[in-house]
Amino acid sequence: MHIAIDTQKVAYARELAQRIAKPMLDYFGTHSTLSTERAALRLFGVDGVDEDEVPWPNRAVEALKEQGLLERGACYWLGFACLLTGLPPQEAAIAIAKGEIDFTAPLDPREVEAWTDAKAKVLLDELLEERRDRRVNKREHYGMGGKPWKYLIVATGNIFEDVPQAVAAARAGADIIAVIRSTGQSLIDFVPYGTTTEGTGGTYATGANFKLMREALDEVGEELGRYIMLTNYASGLCMPEISVLAAQHGLDMLLNDAMYGILFRDINIFRTLLDQYFSRLINAASGIIINTGEDNYLTTADAFEQGHTVLASQFINERFALAAGMTPDLMGLGHAFEMNPKTPDGLSYEIAMAQLVRQVFPEAPLKYMPPTKHITGDIFQAYAHNTLFNLVSVLTNQEINLLGIMTEAIHTPFASDRHLALQNADYVFNYARNMGADLDWKPDGIVATRARLVLDQAVELLEKVEGMGLVEAIGKGEFADVKRAPDGGKGLAGVFEHGKDYFNPFMTRLEAINGVARATV
């Protein structure tokens, strides 16, 4: 399938996105966040909680902040404590948290940095080699499901109930299991510890929960002869820390998008864009696909009127991903089938949008979201609507297909409802498997005309955003009709400016591994 669009205009849109992102990329080079520092400690292996269930990475970073030391970076002081005491990083971090380290001791800073850098290199190399090799080996050993990959959600709140639901979904044909995290977790400034059973609207993202689900999916994958991918969310105040845990426990995808957090969770713009940068450095190096959240724009704004905001945001998201060294095959840019079903020719407009995004980002594993906004509780209408969504998905070669559930607006899906959703997708994907390859659209027809209009409007919006700057554009509600102030939202107090001797060997090494040259992106 092909639509005639102006490729020069697409290239111009990318130039605009690059200029839009540049001021923030400069900012990344001079600022850090509490979560970024905690993530660096987690890469050193610092884990666990104190008697009050406060994670040791939080305790150590807060202790450094209270002593006015954080501007040099948590890694420097952890290395200092290790050299001074001879303790391994975990015990050294606990000693920092308890105020037991004499930071005035006469250690040579060059010696501290050299030791810390060498230690970071060994730990990072081991993590990345183990996880990337593990994923590649398992995919080759088990094999992968055919595309579009069928993506299903489990979200009971209790990991011990999620696991059998996920296994049942895999046996019924799911290729990807997403564990929705508990409501509100994105706004808490620490990562809960251990396995959890009390989430609301989802299950807490923790290292232990990741480990348990990964082991269960590996086991059922062995039984089925098919690798089952696992995804979770890394879009809140602990974005980089969750990326570390995801890398450590073998996740394949993460919802990882600062714009989602800014617009829909009211997280401060600077905090979350900084966190996103370090998070994506980790994801890129460890081969984790990011899912972005532009689909959510269309659950608040009208899909016909605001479709171009999705495309404009995808260009910006692509630029931020490239800036972190992500390759296109890791960019699961998001969009959605959200046109009002009463719209005349709505199906043509949905095809236009899906095909436009496919052509603009030809190498990206696009994440395509099913209808939700206009799902009313009429299960027959929802099933018909989801069938059309599946048809557009396979016609336009989407890759990550979140299955719509016919009882979406009624209750948390039963296993039987998921089974029907999988049957629907299997039927449509098989029945129309190669139909898209036979289709072209009239240059002056409804589909091509709509695609060109959306591209034109996206370019106009990008020009406008470039003129005022990304931060001001978000403040004026240019995306999803949601306004967020630069000094508002959660987490701004967790942002700090680097001292002249700031030191983060993981960031330096990840940038080198990912081929990032920040000054030129």
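Contact is taken here to mean heavy atoms within 4.5 Å, and helices (H or I, at least four residues) and strands (E, at least two) are DSSP runs, numbered from the N terminus. The structure is a predicted model, in which local features need pLDDT of at least 70 and side-chain atom pairs count only at pLDDT 80 or more, while totals for chains, interfaces and linings use all residues. Residues are numbered from 1 along each chain as its sequence is written, and side-chain values use heavy atoms, with hydrogens and water left out.

The secondary structure of the protein comes to 19 helices and eleven strands. The radius of gyration, taken over C-alpha atoms, is compared with a globule rule of 2.2 Å times the number of residues to the power 0.38; for 521 residues a compact globule would have a value near 24 Å, and the 23 Å of the protein agrees with this. Along the principal axes, the C-alpha atoms fill a box of roughly 75 × 55 × 35 Å. Buried residues make up 60% of the 521 residues, where buried means under 20% relative accessible area, exposed over 50% and partly exposed in between (1.4 Å probe, protein chains only). Of the contacts with a separation of 6 or more, 76% are accounted for by residues 24 or more positions apart.

Nine strands form an open sheet with parallel pairing, in the order E7-E6-E5-E4-E3-E2-E10-E9-E8, two strands being counted as paired if DSSP finds at least two bridges between them. Strand E7 (331-332) and strand E8 (334-336) stand at the edges with a single partner strand each, so one side of each is left without a neighbour in the sheet. Helix H13 (residues 303-323) lies across strand E6 (289-291), E7 and E8, and runs at about 165° to E8; axes are lines fitted to C-alpha atoms, for helices over the stretch in contact, and angles run from 0 to 180 degrees between N-to-C directions.

Within this sheet, five of the five residues of strand E4 (residues 229-233) are buried, so E4 is largely enclosed by the rest of the structure. In a regular strand the side chains alternate between the two faces of the sheet. In E4, Met229, Thr231 and Tyr233 point one way, whereas Leu230 and Asn232 point the other way. Strand E3 (residues 176-179) pairs with E4 in the parallel sense over three bridges, and isoleucine 177 has leucine 230 of E4 as its bridge partner. Isoleucine 177 is also the bridge partner in E3 of leucine 152, as strand E2 (residues 149-154) and E3 pair in the parallel sense over four bridges. Three bridges join E4 to strand E5 (residues 253-255), again in parallel, with threonine 231 standing opposite methionine 253. E3, helix H8 (residues 207-224) and E4 make a right-handed β-α-β unit, as do E4, H9 and E5; a crossover is right-handed if, with the strands pointing away from the viewer, the path from the first strand over the helix to the second runs clockwise.

The buried residues of helix H3 (residues 56-66) are Trp56, Pro57, Asn58, Ala60, Val61, Ala63 and Leu64, and their cover includes helices H2 (34-43), H4 (74-85), H5 (89-97) and H9 (239-248). H3 is followed by glycine 68, whose phi is positive, near 70°.

The structure holds zero disulfides, a disulfide being a pair of cysteine sulfur atoms within 2.5 Å. Cysteine 75 is buried, with a relative accessible area of 0%, and its sulfur is 11 Å from the closest cysteine sulfur, in cysteine 82, too far for a bond.
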